[in-house]
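Biologist: I am new to this structure and should like to be guided through it. May we take it one question at a time?

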Amino acid sequence: MSAVTWDLSTIILLIMSGLTRASILFIVAAGLTLVFGVLRVINMAHGSLYMVGAFIAASVIQQVGGAGGFWLALVAAPLGVALIGAVIEFGVLRRIYQAEHVVQLLATYALILIFDDLVKMTWGAEYKSVSVPAAFAGSISIGDRPFPIYNLFVILWALLLAAGLWLLIYRTGLGRLIRAAVEDPEMLEALGVNIPLIFSAVFIIGAFLAGLGGVLVAPLGSIGLGMDVTILIEAFVVAVIGGLGSFPGALLGAGIIGMMFSFGITVAPRMAMAFVFLAMVIVLIIRPWGLFGEPER
Amino acid sequence: MTGSSHSFWRTGWPWAGLVVVGLLLYPQFVSRYYIVLSTEVVILALLATSYNLIFGYAGMVSFGHAAFFGLGAYVMALLTKRYESPMVLGLLVAPVVGAAFAFVIGWFCMRTIRLYFSLLTLAFAQLLWVIVFQWYGFTGGSDGIQGVPRPEILNTHASYYYFALGTTLLCLVLMWFIVNSPFGWSLRAIRENTHRSQFLGINDRFYKLIAFTIAGAFAGVAGGLYCQFQKWADPDLLFWTTSANPVLMSILGGMFSFVGPSVGAVVFVALREIIKVRTDYWPLVLGIVLLTLVLTVPGGIVGFVVEKTRPLLSFRKVRPPAP
């Protein structure tokens, strides 16, 4: 246990770094939870889409360079991943919506294996790193500690995204259809709505979010194989704690897990991850459908 | 692989005997490479069959079976390496620890159903994985425990093959009697129709918990054997990707047959070795095979999973056991 001095600036710093982590987790878990809410499929390959997003971002930034590279990556990677998502939806998911959970889990697990090797073929097995875009280089000071400006940018993005998703779900026609599809897809279909199209749209939005998470995380750490499985499990924990299918749940879950990481690693570095899984276990035992979710139908 | 248990009673045992004789003789004719590979197959067959007790027979999709496998391996490694106990003790304690953990975890997991059951088993297994991964003082952390000693007499490839084979066969016979006991038939009844089995007075949660515990015990044995096979234990044995393997083997070989998972283990390892010689991309091929299987034969092996069609497809022929 390291001695931590608990002054105000330390606490604010921990909260800010927790929020950074929470932002990435929210963006990824929001996609996972959206797809589950509408399609009732746990997409195990969601982490793979995130990894592909990060690798595409690394390539774009390397090729284009400069500030433009990052902005281009911020647009190109999520769109590229959304395109891959469309292919997956047409090729795989569309055939297994009616199947048992175990079939869906196995099919999307197969996608993890496939993507892992495709990424290895395309980008190699070495770790890649991307520097923080020049516009957000440097840091602000909290008390006497530095805090990277880029992290503020990530937090801002997550907040904008949360607002954007809320608008999409509650203030647009597509959002209305999505909410209706969550409630009663059969009734919606009987009313003449093209359900498969809604499902495709939702899955593509989910993939887009995974790709966006991948771009934003790229400058924060190293990009490598294995990041798919790590984020998948963490996003799982977030979505399950908040309640699968619930956006406010994903937001709260991401906040909780982000803080558990930043404070946990400071207080008891070895135990932080264990606390995270313990939190998931406890929530699943007491309230399997999570804090904001609804019992399984 | 197909056929009811009755036809297996009538015609199955001679076949089983032939297979066993084949398994006993075959190391005399092949190279060391194949003996080592067969040892792995034998151990994985035990793991997959233990998993199928809950997956195929009781219809529970656990995503945390690696926990009990890994725990068995660590029990073996700790007992023989750190406490210098005989290997037999490790093999006796591993199932006890596997069963104990399975009972406690299962007790909590029985409160949830279907997807949430899968997620909760996954969460518990990951929790154990983190503990093993981080507890450097006891488990060696991410390094694992290297150089697990094996008794002199088992130190050749062939002798360890025979030892693993004998242990696995003993466990398979035990499991065979379990799944064909009234208890085993009750599990099938619960899988087919939980409500109706409740009306018959079956305490479904208790039966499932017992099945989960038994599966944990046999997974522990498999873990102990595996630890001695590779002579080390590492946290990866408990990681969730390891939990996927017995699911794959059960699906590959057929989850509604007793020998299915063992066949799946053979297919799994054979496929892996064939592909690894030709390319580095074994996961890619496994993924494509799995995806093709899931997408193209939904009415085949995997389609049996679909609860509503199951009685129509496969259980018309099966009669209840003689009273």
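Predicted model: local features only at pLDDT ≥ 70, side-chain atom pairs only at ≥ 80, totals over all residues.

Biologist: How far apart are the end C-alpha atoms of H11(A)?

Modeller: H11(A) has 15 residues, so at 1.5 Å a residue it should span 21 Å. The distance between its end C-alpha atoms agrees with this, at 21 Å.

Biologist: Which element gives the most to the side of chain A that touches chain B?

Modeller: In the contact between the chains, 31 residues of chain A meet 35 residues of chain B. Helix H4 (101-123), helix H9 (227-242) and helix H11 (272-286) of chain A each give two or more residues to that side of chain A. With 12 residues, the element that gives the most is H4(A).

Biologist: At what angle do H3 and H4 of chain B pack?

Modeller: Two packed helices are described by the angle between their axes and the distance between the axes. Helix H3 (residues 66-82) and helix H4 (residues 87-109) of chain B have axes 8 Å apart, and H3(B) passes H4(B) in a right-handed crossing. The residues of their contact divide into 13 nonpolar, four polar and no charged. The angle is about 145 degrees.

Methods. Residues numbered from 1 in each chain as written. Chains lettered and ligands numbered in written order. Contact = placed C-beta atoms within 7 Å. Helix = DSSP H or I, 4+ residues; strand = E, 2+ residues; numbered from the N terminus. Axes fitted to C-alpha atoms, helices over the stretch in contact; angles between N-to-C directions. Left-handed = near helix turned anticlockwise from the far one by under 90°. Nonpolar A, V, L, I, M, F, W, Y, C, P; charged D, E, K, R; others polar. Expected span 1.5 Å × (residues − 1).
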